[in-house]
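Have the viewer open and follow along.

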Amino acid sequence: MNLLRFPLYATEHDLRLAVVECGHICYTRHLLTANDGNISVRLDDDHILITPSGLSKGRMEVDDLVVLDLDSEIIKTHPERRHTPSSELPMHLEVYKQRSDIHAVIHAHPPFVTALTVADIPFPHEVLPEVLLTLGEIPTTEYATPSSHENAEAIRELIRHHNAILLRQHGTLTVGKDLDEALIHLERLEHVAEVVTWAQLWGKVNRIPPKELAKLLAAREKKIYRE
């Protein structure tokens, strides 16, 4: 059973299990380290469930998660643990307020993708065809101070048209209809960045020819890609 591929009518308990499972996967795959990153899901039109501040996503339990409304008011937290929500809450809320189709958000720190932004290298969306077919171009934000409203402002215009965004020197933001989709986007970004890194070490990075790019973009518009 794939906990991350939850339906719209999933219970709060099921969503808590999904977030914890996603955190474990991200931590195991080195997409997150230490207590970095944050994960959230939409509970209903007015509430979200989000990971707590200052806790490793690889060692979370279902009771660690926090329920809030879209005005940042804490609705539910464990009475003994009393966790506070992730300090990147404003960025998550920005996504949910703008995108009614989105039910899951992952902010991660994948090393290869993050290295691209540190080196000021645009994401190479025209290297592997599956990126263009699924995500299109991947934008990078301006630098924003972590744990502030600046990250929400940095993604404000971009999140309207993109399901994956690079946060300059601060990792990635991926969204989806569920956590499975958001995680697939994240894994794809890191895979491409790693492939490009190895290609540069071994020789050079070959781009997809312009004529072939046009074919891929046309296929993406028709949504005919499956793998």
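## Salt bridges, a sheet strand and a helix

R16 is buried, with a relative accessible area of 9%; here buried means under 20% relative accessible area, exposed over 50%, and partly exposed in between (1.4 Å probe, protein chains only). Before going further, note that this is a predicted model, where local features need pLDDT of at least 70, side-chain atom pairs count only at pLDDT 80 or more, and totals for chains, interfaces and linings use all residues. Residues are numbered from 1 along each chain as its sequence is written, and side-chain values use heavy atoms, with hydrogens and water left out.

Back to R16: its side chain meets that of E12 in a salt bridge at 3.0 Å, N to O. The term stands for a side-chain nitrogen of Lys or Arg within 4 Å of a carboxyl oxygen of Asp or Glu. E12 is partly exposed, at 25% relative accessible area. Helices (H or I, at least four residues) and strands (E, at least two) are DSSP runs, numbered from the N terminus. K76 joins in as well: E12, R16 and K76 are linked in a network of salt bridges.

Helix α1 covers residues 12–28, and I25 sits in it too. I25 counts as partly exposed, at 23% relative accessibility. Between I25 and K57 there are 32 residues in sequence, yet their C-alpha atoms are 9.0 Å apart in space.

How many salt bridges does the structure hold? The count is 13, and the table lists some of them.

| Pair | N to O distance |
|---|---|
| E12 and R16 | 3.0 Å |
| D101 and R99 | 2.9 Å |
| E212 and K215 | 3.3 Å |

E212 and K215 are three residues apart in helix α7 (residues 210–222), about one turn of the helix. K215 is exposed, with a relative accessible area of 54%, and E212 is partly exposed at 34%.

Now the sheet. Strand β5 (residues 104–108) is mostly covered, with five of its five residues buried. A104, I106 and A108 point one way, V105 and H107 the other. In a regular strand the side chains alternate between the two faces of the sheet. Two strands pair if DSSP finds at least two bridges between them. On that basis, β5 runs antiparallel to strand β1 (residues 38–42), joined by four bridges, and pairs with strand β7 (residues 171–176) over five bridges, also antiparallel. A104 stands opposite V41 and also opposite G176 in β7.

Last comes helix α6, with 24 residues and a reach of 35 Å from first C-alpha to last, close to the 34 Å expected at 1.5 Å a residue; that expected span is 1.5 Å times one less than the number of residues. At its start, a side-chain oxygen of D178 comes to within 3.2 Å of the backbone nitrogen of D180. The buried residues of α6 include L179, D180, L183 and V196. W198 lies in α6 (residues 179–202) and is partly exposed, at 40% relative accessible area.

Terms used
Polar contact = N/O pair within 3.5 Å; in protein donor to acceptor, adjacent residues only side chain to side chain.
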